[in-house]
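Hi,

Here is the structure I promised to pass on. Have a look at it first, and my notes follow below.

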Amino acid sequence: MTAGASPSGAVTTAGLPRADLGTDALTADVVIVGAGSAGCVLAEKLSRDPGRQVVLIERGPSGMPSLADLDLRRLPIDDAAPFAVRHATDLGPAAARGSALGGSSAVNGGYFLRWHPGDFAAWPSGWEIDVVAAAYDELDGPYGTMGVEPVSDDELGDTGTAFEHYWSTRVPVRPVDERWPVVGLNRVLSNRTGMSRRTSAAAYLVPAAARRNLLVVTDCEVEGLEVARGRTVTGVRAGPLSVTAGEVILSAGTLGTARILLRSGLDVLGLRAAGGEFGAGEFEAGEFEAGEHRALAVSYRRRGPAAPGMVLPTVLHTDDDCEIRCYRDDFASHIRGVPAHGPIVEVACMRPSPVRIVDDGPVVRLAFGEPDGRAAAAMRDGAAHVVEMLQAPEFADIVVPGSVSVAPAAGFSQHAWGTMPMGVRTDWLGGVYGTHGLRIVDASILPGGGHSGPHATVMMVACRIGELLAAR
């Protein structure tokens, strides 16, 4: 790693202050943009070789989130949260993403479910189910890095207990110690240490803290890519800081990576080819199209207050590709400053619905279309089943009679993915078609939507790709 002369940015080792950067120019073998769920994994694996110089850049602050910030009983994504950035949407609620060492793994609900085996059937060669399982095992196995364990019976709360009692006689139930989800009832698996989220930074970045060939730069917003000869990416620019590298890996999350691509003039590199998950033609200038999981909320009033606990303890996966999420309580009890609207059970259609990622401000915003007919019908059908459930004897001591209502329109699941899918716009290891020196490893490259949320699968992809790149 070589350096210039003027100070810029803050340098940390796994979040611990080390020194002022003391330079506005760095040279490395690899620069990774985003110290989130994928970026921390890649930084640890690629820096195992002491001869490989790795720079990891994170827009969030130095230092690790506190135990209070990591408490699974709350979601630190409010307007004043220090480790989150919020993106405007046309549906009202903002799309919140982590902005910290650990990224969204530092602010999410601790849900860590695999996708179903069948979700990988259409993935490119190299992602056969045995290698997918091995990469998941690194994360959630008995001695896995992410400390994954199921929610216990006494952590379900009254709503989770009633939910499982209702469905356990109607659908298959995944054994608590089984890692692969089923179409049926699935007790949530959670990445945690006690009641604290276990982040990707704690699992991967902290163990690599002493490596002299790994430099972590925080409080640093990457504004774009440096491009030479039309198709070769040579580094990144971040205000006064520039990093020249043999390879740039974007791991800033679907929204962060889209912003960097849109601000780098990459339309001339053939990245906006037709086709892909949504059958779209050429991208419009200044936007990408991604997938999202739309969700219809069924709300109710409680007879009494809910006991504090983790946000989402148990879910149901249906045979028409919905995930029914039994939240513990009103989101107002988990997120500071959110008005109380009553607790909900959410019916999310896990087939992809399109959302446009538009770059027209300090951060990108999300513009949603209407869910397609199949998705809308699946959510309506699921909501009808939830209404029936909430009126059943299992919920008689919880739900105020006559208080159940279905939202008039679908919301979304904070799961944008698939702007640069493998096999369409990137190769099976995230290398961007039509470029040299540019790779993407985050939810942007997921080639389809799974039956579960994407967090565990994004980390699985980073584990697999990181191992293969580290061996080169």
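A term to start with: two strands count as paired if DSSP finds at least two bridges between them. Helices (H or I, at least four residues) and strands (E, at least two) are DSSP runs, numbered from the N terminus. Please keep in mind that this is a predicted model, where local features need pLDDT of at least 70 and side-chain atom pairs count only at pLDDT 80 or more, while totals for chains, interfaces and linings use all residues. Residues are numbered from 1 along each chain as its sequence is written, and side-chain values use heavy atoms, with hydrogens and water left out.

First, the sheet. Strand E16 and strand E21 (residues 353-358) run antiparallel and are joined by six bridges. The whole sheet is open and has three strands, in the order E16-E21-E22, with antiparallel pairing. E16 (287-292) and E22 (365-368) are at the edges with a single partner strand each, so one side of each has no neighbour in the sheet. From one strand to the next, the twist averages 35° (axes are lines fitted to C-alpha atoms, for helices over the stretch in contact, and angles run from 0 to 180 degrees between N-to-C directions). Helix H5 (residues 253-262) lies across E16, E21 and E22, at about 165° to E16; contact here means heavy atoms within 4.5 Å.

Next, the aromatic rings. Rings of Phe, Tyr and Trp (its six-membered ring) pair if their centres lie within 6.5 Å; planes under 30 degrees apart are stacked, over 60 edge-to-face, and the rest tilted. That rule gives nine aromatic pairs. In one of them, Trp-115 and Trp-123 have ring centres 6.1 Å apart and planes at 90°, so this pair is edge-to-face. Trp-123 also pairs edge-to-face with Trp-127, at 5.4 Å between centres and 75° between planes. Ring pairs link Trp-115, Phe-120, Trp-123, Trp-127, Tyr-136 and Trp-180 into a cluster.

How buried is Trp-115? Its relative accessibility is 2%, which counts as buried (under 20% relative accessible area; exposed is over 50%, partly exposed in between, with a 1.4 Å probe and protein chains only). Trp-123 is buried too, at 8%, and so is Trp-127, at 2%.

Cheers
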